[in-house]
Amino acid sequence: MRKNSTKNRRVNQEVARELSTIIRELKDPRIAVMTSVTEALVAPDLKTCKVYISVLGNEKEQADTMKGIESAKGFIRHELAVRLNMRNTPELTFVEDRSIERGAEMSKLIDEVRRRDEESHHA
């Protein structure tokens with residue numbers, strides 16, 4: 001299967017959707033409420049999957065959430081196998097995704113620059 005084939009994209013989307021549901025259902029108090037799967041990249045051979053996790057919260061909440069997810073990795077993989085009838089259930093690697101957080105920071109900076117620009121034009 002080619003890396004960006006239609007089948008691979010569908011597998012990535014389906015895995016991301018199921019993982020998002022599974023993580024939301026976890027009862028671990030360490031996992032923040034505002035946790036989402038931003039992307040799942042399944043290798044073409046279906047043996048590995050890199051899962052990008054976004055956590056809205058402070059540093060401690062982010063670290064705790066990643067620890068909680070990491071400790072539930074076996075359960076999450078088992079649930080994925082039960083829910084998706086795949087030839088192989090990929091080995092999961094969780095990566096913290098801070099792109100949403102960086103985007104919000106950039107948006108705030110842009111708003112600040114616009115506000116200053118408007119103030120200098122009105123002065």
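Is Arg 98 buried, partly exposed or exposed? At 26% relative accessibility, Arg 98 counts as partly exposed. Buried means under 20% relative accessible area, exposed over 50%, and partly exposed in between (1.4 Å probe, protein chains only).

## Model and confidence

This is a predicted model: local features need pLDDT of at least 70, side-chain atom pairs count only at pLDDT 80 or more, and totals for chains, interfaces and linings use all residues. Residues are numbered from 1 along each chain as its sequence is written, and side-chain values use heavy atoms, with hydrogens and water left out.

The pLDDT is the predictor's confidence in each residue, from 0 to 100. The chain averages 90. At least 70 is reached by 96% of the residues. Confidence is highest in strand 3 (residues 91-96), at a mean of 96. Helix 4 (residues 99-122) has the lowest, at 85. Helices (H or I, at least four residues) and strands (E, at least two) are DSSP runs, numbered from the N terminus.

## The nonpolar core

In soluble globular proteins, nonpolar side chains tend to be buried together. A nonpolar core is a set of buried Ala, Val, Leu, Ile, Met, Phe, Trp, Tyr and Cys residues joined through side-chain atoms within 4.5 Å. Here the largest one has 25 residues. Val 15, Ile 23, Ile 53, Ile 76 and Phe 94 have the most contacts inside it. Two or more residues each come from helix 1, strand 1, strand 2, helix 2 (59-71), helix 3 (73-83) and strand 3. Helix 1 gives the largest share, six residues.

Take Ile 76 as an example. Contact means heavy atoms within 4.5 Å. Residues up to four places away in sequence aside, Ile 76 touches Leu 19, Ile 22, Ile 23, Leu 26, Ile 69, Leu 92 and Phe 94.

Glu 18 sits in helix 1 (residues 6-25). It counts as buried because its relative accessibility is 16%. Not counting residues up to four places away in sequence, Glu 18 touches Leu 80, Arg 83 and Leu 84.

Leu 46 lies in the loop between strand 1 (35-42) and strand 2 (48-55). Its relative accessibility is 7%, so Leu 46 counts as buried. Most residues other than glycine have a negative phi. Leu 46 is not a glycine, yet its phi is positive, at about 65 degrees.

Thr 93 belongs to strand 3. At 40% relative accessibility, it counts as partly exposed. Neighbours within four places in sequence aside, Thr 93 contacts Cys 49, Lys 50 and Val 51. Thr 93 and Ser 20 are 73 residues apart in sequence, but 14 Å apart in space, C-alpha to C-alpha.

Arg 98 is found in the loop between strand 3 and helix 4. Leaving aside neighbours within four places in sequence, Arg 98 is in contact with Glu 59 and Gln 62.

## The cavity

On a 1 Å grid over the protein atoms alone, a cavity is a set of points where a 1.4 Å probe fits but cannot get out, and lining residues have an atom within 4 Å of a point. The count comes to one cavity of 30 Å³ or more. About 40 Å³ of space lies in the largest cavity.

Its lining includes Arg 98, along with Ser 54, Gln 62 and Glu 101. Strand 2 and helix 4 are the elements that give two or more residues to this lining. The lining divides into three nonpolar, two polar and four charged residues.

Terms used. On a 1 Å grid over the protein atoms alone, a cavity is a set of points where a 1.4 Å probe fits but cannot get out, and a pocket is an open set with protein on both sides within 12 Å along at least five of seven lines; lining residues have an atom within 4 Å of a point. Grid points are joined across faces, edges and corners, and a volume is the space filled by probe spheres set on the points. Ala, Val, Leu, Ile, Met, Phe, Trp, Tyr, Cys and Pro count as nonpolar, Asp, Glu, Lys and Arg as charged, and the others, Gly among them, as polar.
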